[in-house]
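Please look over the model below before reading the points. The notes concern helix packing, aromatic rings and backbone angles.

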Amino acid sequence: MWKGNSAGCNQGAAMEGTGGELGGQGNWGLEDAPGLLARASLPIMPAWPLPLASSALTLLLGALTSLFLWYCYRLGSQDMQALGAGSRAGAVSGRPGGCSEAGRPSPRSSGESVEGPRTEGLVSRRLRAYARRYSWAGMGRVRRAAQGGPGPRGGPGVLGIQRPGLLFLPDLPSAPFVPRDAQRHDVELLESSFPAILRDFGAVSWDFSRTTPLPRGWSPPLAPGCYQLLLYQAGRCQPSNCRRCPGAYRALRGLRSFMSANTFGNAGFSVLLPGARLEGRCGPTNARVRCHLGLKIPPGCELVVGGEPQCWAEGHCLLVDDSFLHTVAHNGSPEDGPRVVFIVDLWHPNVAGAERQALDFVFAPDP
């Protein structure tokens, strides 16, 4: 029993010794607590002065920001060089290159190259200007198109029958004929305007005699027996023709996806006389869809797009991707009269709003 007490005393002595190490003296009490806490809170290693640490952190953040900005600049410079190398001249020539029936064909549609060093960088410059004003957000397909990415430039296209002459926007669903529901609003608006548009055609129509001088507003024939009167040509309004066709112009103003500010955009009347034929050709881009509203459709008329035959119907719209190889013919007799359709160029339904804005900027009509 006494030995146990002795051990307890020894333990107490040990505790006092420990207390002496902490407090600097053999006996300590509550009055020594502040000093003990102060010594216990001392850091193991000395820390940097606070102003020096703040300066180092600021310098580090500045270096990281400069490195990020330099990387963005290098990436943009490389993209611009690639865009300049892959640009195609005729894309911004101000003419609806490769258009069939509505709009004059460009040299590329007849197989003649229009590329040249003087105009190769034009698309690149306009894209750079667009990026400065807006951004590259959502422009992946447009950049790849300008660089000549996968598609007709680098291969045979879709089954070798889709060969847009100027701009191929990759990853767009491709089919010779587009479902009506893809542009339901514009299709229904045009079909409801059929009587007014037909009256406008009657007001500007003529006998289409090949010996008669062309009346005011009518364009020279694309081919023998193929005439057109355009309200919009290469994205530019034709004021005199619009005034003569108020019903058609009113319908165009109500469309949501009409390419009215783009060199790929055309709208107007197309007339094909009996015996006339437009041989196989491809339009300038797959970013658009041509809407054909049948006005006068005699028997013997045919439209073949991508090897698929179709025919127009009076008062109904037909949506065509004219970047596919297509042929138009009127095999009827002279007594049947001409085939007449009202053609409008609409945006492809799968071209996003940001892409449309960029393409409108790049392919804006010349002032």
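The points below take these topics in turn.

1. Basis. This is a predicted model, in which local features need pLDDT of at least 70 and side-chain atom pairs count only at pLDDT 80 or more, while totals for chains, interfaces and linings use all residues. Residues are numbered from 1 along each chain as its sequence is written, and side-chain values use heavy atoms, with hydrogens and water left out.

2. Helix packing. Helix α8 (residues 194–204) packs against helix α10 (residues 246–253) at an angle of about 135 degrees, and their axes are 7 Å apart. This makes α8 oblique to α10 (under 35 degrees is roughly parallel, over 145 roughly antiparallel, 65 to 115 roughly perpendicular, and the rest oblique). Axes are lines fitted to C-alpha atoms, for helices over the stretch in contact, with angles from 0 to 180 degrees between N-to-C directions. Helices (H or I, at least four residues) and strands (E, at least two) are DSSP runs, numbered from the N terminus.

3. Helix contact. On the α8 side, Ala196, Ile197 and Asp200 meet Pro246, Gly247, Ala248 and Ala251 of α10 (contact means heavy atoms within 4.5 Å).

4. Aromatic pairs. The structure holds 12 aromatic pairs (ring centres of Phe, Tyr and Trp, the last by its six-membered ring, within 6.5 Å; planes under 30 degrees apart are stacked, over 60 edge-to-face, the rest tilted). Tyrosine 130 and tyrosine 134 form a tilted pair, 4.8 Å centre to centre with 40 degrees between the planes. Tyrosine 130 is buried at 4% relative accessibility, whereas tyrosine 134 is partly exposed at 43% (buried is under 20% relative accessible area, exposed over 50%, partly exposed in between, with a 1.4 Å probe and protein chains only).

5. A pair across the sequence. Phenylalanine 264 and phenylalanine 363 are also tilted, at 4.9 Å centre to centre and 40 degrees between the planes. Phenylalanine 264 lies in the loop between α10 and β5 (267–272) and phenylalanine 363 in the segment after α11 (353–362), so the pair ties together parts 99 residues apart in sequence. Phenylalanine 264 is buried, with a relative accessible area of 2%.

6. Charge over ring. The charged end of arginine 143 sits over the ring of tryptophan 136, 4.7 Å from its centre (CZ of Arg or NZ of Lys within 6 Å of the ring centre and within 35 degrees of the ring normal).

7. Positive phi. Alanine 234, in the loop between β3 (226–233) and β4 (236–237), has phi near 55 degrees. Alanine 234 is buried, at 4% relative accessibility.
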